[in-house]
Amino acid sequence: MATFRLHIVTPEGTFHDDEIDLLVVRTSEGNVGIKKHHIDYVAKVDIGKIEIIKGKQKTYAAITDGILLVDQEKTTILTRAAERPEDIDMRRAEEAKQRAEKVMQSCKRDDIEYKIAELKLKKALNRIDLKKNP
């Protein structure tokens, strides 16, 4: 299979920069698979799990919202955060989940605090799911 360069960047720096065979990423339009020679493409990335395939090796990461940029030279994901399963602190993720649920129970659905807590809950659940099911 032909490879292409995948570059994942967070505010902390480069998270991933390597030649790969296939990327599966969740966008606002659903899951998208990217291979070499994919058409130029720009999409909003949603909170979710990405799958990176290189040869017979599959790796996964939890990412937050961001932007996916695909061109003939490389694919780039600009995201607020990215984490590998082995780097996820399950206790911290569970605590974040509990805090978010507590805030959501004490607010109305149209309150800004509720919406922020809802996003934090989604991020925590994504991290927990990846840690349990890489």
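Good morning. I begin with helix 1, where the face turned away from the buried side carries the exposed residues Arg91, Arg99, Lys102, Gln105 and Ser106. Exposed here means over 50% relative accessible area, buried means under 20%, and partly exposed lies in between, with a 1.4 Å probe and protein chains only.

A word on the source. This is a predicted model, in which local features need pLDDT of at least 70 and side-chain atom pairs count only at pLDDT 80 or more, while totals for chains, interfaces and linings use all residues. Residues are numbered from 1 along each chain as its sequence is written, and side-chain values use heavy atoms, with hydrogens and water left out.

To continue with helix 1, the buried residues are Ala93, Ala100 and Met104. Seen down the helix axis, the buried residues fall within an arc of 35°, so they line one face of helix 1; the arc is that of the directions from the helix axis to the C-beta atoms. Their cover includes helix 2, residues 112-132.

I now turn to the whole chain. Helices (H or I, at least four residues) and strands (E, at least two) are DSSP runs, numbered from the N terminus. Of the 134 residues, 39% count as buried.

Where do the nonpolar residues gather? The largest nonpolar core has 20 residues, and those with the most contacts inside it are Ile8, Leu23, Val25, Ile50, Leu68 and Ile77. Elements giving two or more residues to this core include strand 1 (4-10), strand 3 (22-27) and strand 6 (48-54). A second, separate core of five residues includes Met104, Tyr114, Ala117 and Leu121. Such a core is a set of buried Ala, Val, Leu, Ile, Met, Phe, Trp, Tyr and Cys residues joined through side-chain atoms within 4.5 Å.

Val25 touches, among others, Val32, Val45, Ile63 and Leu68, leaving aside residues up to four places away in sequence; contact means heavy atoms within 4.5 Å.

Finally, the record. An unreviewed UniProt entry annotates residues 86-130 as "domain: ATP synthase epsilon subunit C-terminal"; such annotations may be inferred rather than shown by experiment, and positions follow the numbering used here, with feature names shortened. Over residues 86-130 the chain is 80% helix and 0% strand.
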